[in-house]
Amino acid sequence: MSEKRTLFYKMQMLLLISLFSMFSVLVCILAVFASDHLKFSVQIILLCFLACTIWILIYDITIIFPEYHYYIKLCRRFRDGQIYQDYIDHIGGLFPILKDDISRLDMLLDRQNTMQLSTKQAEFLALQNQINPHFLYNTLDSIRGDALAAGVESIANVAEALSTFFRYTITETRNLVTIQEELDNVNNYFIIQQYRFGDKLSMNIEIEDDPQLILGMQCPKLFLQPIIENSILHGLEGKTDNGVLTIHIELVDQDLHINVIDNGSGIPEDILDELNRSLGRVSVGAIVEAKGKHSGIALKNVCRRIKLLFGEQYGIHISSIVDIGTKIEVVLPSTAKS
């Protein structure tokens, strides 16, 4: 029997013993009205019950009541804001049936605090760096102007894409954006990558069902760009022929499925299995892992943010065939912008 369940079962025992004591009182009443030849037997029984009652009182005073007062003090300290984790760890001993509910509540509170902390950190970083981004934006705008004046449109386009990309990445502090905003950011990121790779890299965006409805749905900010970057870095960068990225978005059973598909080198089966297992184990807690080829650290962080915002049933799954390509499937709730 676990330590947390001790008081609960002792209280159950106390209830049974109390009933036993009440029965002893009834025996006393019978002793008063019993006939003379029964009185001796009743007296013997009464003495036994009296001994049990004395033992019960000693047990109550020395065992149960100190623990009861411990939980009273625990609840009072929690109510006054003096403790939290001790309360969560020990209150299940009072009513074991509530242990899972308390753990669930603790997880939800932790998730809410993590989201608030994440938002505050983003706001702090944006405030801390408010001078540098403007310097960066102005510099990029100047480069774009000079490039247009010199007739070098490709450099002007990249400078504009960089400026817009950094504005979205650094200045915006919202946790949720629309699919349209996220795709616009991915387009800017892809323009930057295309300047590096040229015609060797192309990207297609496919939206099924109702494009207008889907583009207005909410998603985590900057969830898509790390996935695109991962596909280019691990899948397409080493290709000698044309690399193609496809973003396919559709509604499936009231959920939003975003598939990022590449025709790159693929992932070996053993590494793929480990990646999917690790993505399945991702929780709202911090991820601490070394970076490396196919470590999936970026995907795990995106998966963690999705679960943090929407729940454990959402996240990322990867399918891949070596020398054929990889599909990274992201599942989100179909949440319209309020």
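Colleague: Which backbone oxygen lies 3.0 Å from a polar atom of the side chain of Lys-221?

Modeller: The oxygen belongs to Tyr-168. A polar contact is a pair of N or O atoms within 3.5 Å; within protein, one must be able to donate a hydrogen and the other to accept it, and residues adjacent in sequence count only if both atoms are side-chain atoms. This is a predicted model, in which local features need pLDDT of at least 70 and side-chain atom pairs count only at pLDDT 80 or more, while totals for chains, interfaces and linings use all residues. Residues are numbered from 1 along each chain as its sequence is written, and side-chain values use heavy atoms, with hydrogens and water left out.

Colleague: Where is Lys-221 placed?

Modeller: Lys-221 sits in the loop between strand 3 (218-220) and helix 9 (224-236). Helices (H or I, at least four residues) and strands (E, at least two) are DSSP runs, numbered from the N terminus.

Colleague: Is Lys-221 buried or exposed?

Modeller: Lys-221 is buried, because its relative accessible area is 7%; buried means under 20%, exposed over 50% and partly exposed in between, with a 1.4 Å probe and protein chains only.

Colleague: Over the face of which residue does Lys-221 lie?

Modeller: Lys-221 lies over the face of Tyr-168, 5.6 Å from the ring centre. The criterion is NZ of Lys or CZ of Arg within 6 Å of the ring centre and within 35 degrees of the ring normal.

Colleague: Changing topic, how many aromatic pairs does the structure hold?

Modeller: The structure holds three. Rings of Phe, Tyr and Trp (its six-membered ring) pair if their centres lie within 6.5 Å; planes under 30 degrees apart count as stacked, over 60 as edge-to-face and the rest as tilted. Among them, Phe-165 and Phe-166 are edge-to-face, at 5.8 Å centre to centre and 65° between the planes. Phe-310 and Tyr-314 have planes at 75° and are therefore edge-to-face, with centres 6.5 Å apart.

Colleague: Which residues form one aromatic cluster?

Modeller: Phe-165, Phe-166 and Tyr-189 do. Phe-165 is buried at 11%, whereas Phe-166 is partly exposed at 25%.

Colleague: And strand 7, how many of its nine residues are buried?

Modeller: Seven are buried in strand 7 (residues 325-333). Strand 5 (residues 255-262) pairs with strand 7 in the antiparallel sense over eight bridges; two strands pair if DSSP finds at least two bridges between them. Strand 6 (residues 315-321) is also antiparallel to strand 7, through seven bridges.

Colleague: What is the bridge partner of Ile-318 in strand 7?

Modeller: The partner of Ile-318 is Ile-328. Strands 6 and 7 form a hairpin with three residues between them, and Asp-323 in the turn has a positive phi of about 70°.
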